[in-house]
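Here is a short note on how the two parts of this protein meet. Please read it with the model open.

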Amino acid sequence: MSPKRSEHVRLFIPGPVEVRAEILDAQSDWMIGHRSSDFAALYGRMQPKLQQTFYTQNPVYLYTSSGTGIWESASRCAVRDDKKVLHLTCGAFSERWAEVSHMNGKQVEVIAVEWGQAVKPEQLADALSHGTYDAVACVMNETSTGVRNPIEDYAKVLEAYPDTLFLVDVVSIYAGAKVETDAWGIDVCLTSTQKAFALPPGMAFGAVSPAVLERAREIPHRGYYFDVLEIDRHHQKNNTPATPPVSLMYAADRQLDDMLAEGLEARFARHEKMAAMTREWVQRAGFEMFSEEGYHSPTVSNVANTREIDVAALNAFLRERGMVISNGYGKLKGKAFRIAHMGDTQPADLEALFAAMDAFLAEQA
Ligand SMILES: *Cc1c(COP(=O)(O)O)cnc(C)c1O
């Protein structure tokens, strides 16, 4: 492995997450032209692995952007200008996606719940019985609050509304828990590289259904860079409309192999185990979970700062020991702190983190 240039601080923040040295090194292979047959082979061999991990037969498009780019793509291409999109919001990221739809000129309606709560399927059923929507947009794992929303239950509600497209952000949970894109009827299922995929930032993936392409044909101004029709036209040739991040694709190709070698079920079980370990630590240390009981995320735990510790001081203490966690998001700063347990983080890494956090707490007493 090539030597790294800076000191290693292990990331327990919910993005970017810790990336293994092998994955960082996979990026250092020689460049290839993105119109070459070598590139088409790379793109082509990633496709079945992406479909397997997304549990879909739909194409999985590669976007040269972070996850936000696919929000923009989905908002523009799946919602007609004279129709409405229903956003389910429960935290910073789901709220921001609603803002993205609004900024793209779409008519947005929102079902909002308090941060820490999950949006319930009954709320969705109620809204759908009173209005007509081109799409429902939601975030499966709200990274800002540590809530895992009941997407599979939304799917059951949506079965009665075949013309309403189902757009789901799985950014911080893809490959950390099973996301059954096809079985749940998800029309756009999107993730980016730097969260549960455990890759460096800079690329995003979207599994897109034929119904979205059909809808897009009815929308005259879809933009260019994130237009699903343009992306699909190139996808047919194992290619991308513009220059993709080839180095990051090398890393993704390697990571997909490693995820499948671990076994997806084993990978999901490891995440469940790490989430349970974290919740046990939270209880033992005298804190409480911020997220609603029954909806705790398997990939990131949001801990209510019930002991009113100085989170910045905790992080300074951890940093001296080569680790870092995350303060509460936005308005939760100081009131909560987040521990990510996603990607390639192992139970032993968490044990080391909890030992250090216990040492900090012991100094406070
Ligand atoms: C981080 C995050 C995003 C934003 O993704 P970027 O890759 O930073 O654009 C969107 N949704 C969720 C749930 C996230 O955690």
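Which side chain meets that of E292 in a salt bridge? The points below start there.

1. The partner is K120. The side chains of E292 and K120 form a salt bridge, with N to O at 3.0 Å. Keep in mind that this is a predicted model.

2. The protein splits into two domains. Domain 1 covers 3–17 + 264–364, and domain 2 covers 22–260. Their C-alpha centres are 26 Å apart.

3. Now the contact itself. Domain 1 contributes 27 residues, which touch 35 residues of domain 2. Together the domains bury about 2,600 Å² between them. Carbon and sulfur atoms account for 60% of that area. On the domain 1 side, L264, Y295 and Y329 provide 25% of the area buried against domain 2.

4. Which elements of domain 1 face domain 2? Both α10 (264–284) and β12 (300–304) supply at least two residues each to the side that touches domain 2. The largest share comes from α10, with five residues.

5. Last, the make-up of that side.

Methods: Residues numbered from 1 in each chain as written. Predicted model: local features only at pLDDT ≥ 70, side-chain atom pairs only at ≥ 80, totals over all residues. Heavy atoms only, no water. Domains from an automatic or database assignment. Contact = heavy atoms within 4.5 Å. Buried area = accessible area lost by both parts, 1.4 Å probe. Salt bridge = Lys/Arg side-chain N within 4 Å of Asp/Glu carboxyl O. Helix = DSSP H or I, 4+ residues; strand = E, 2+ residues; numbered from the N terminus.
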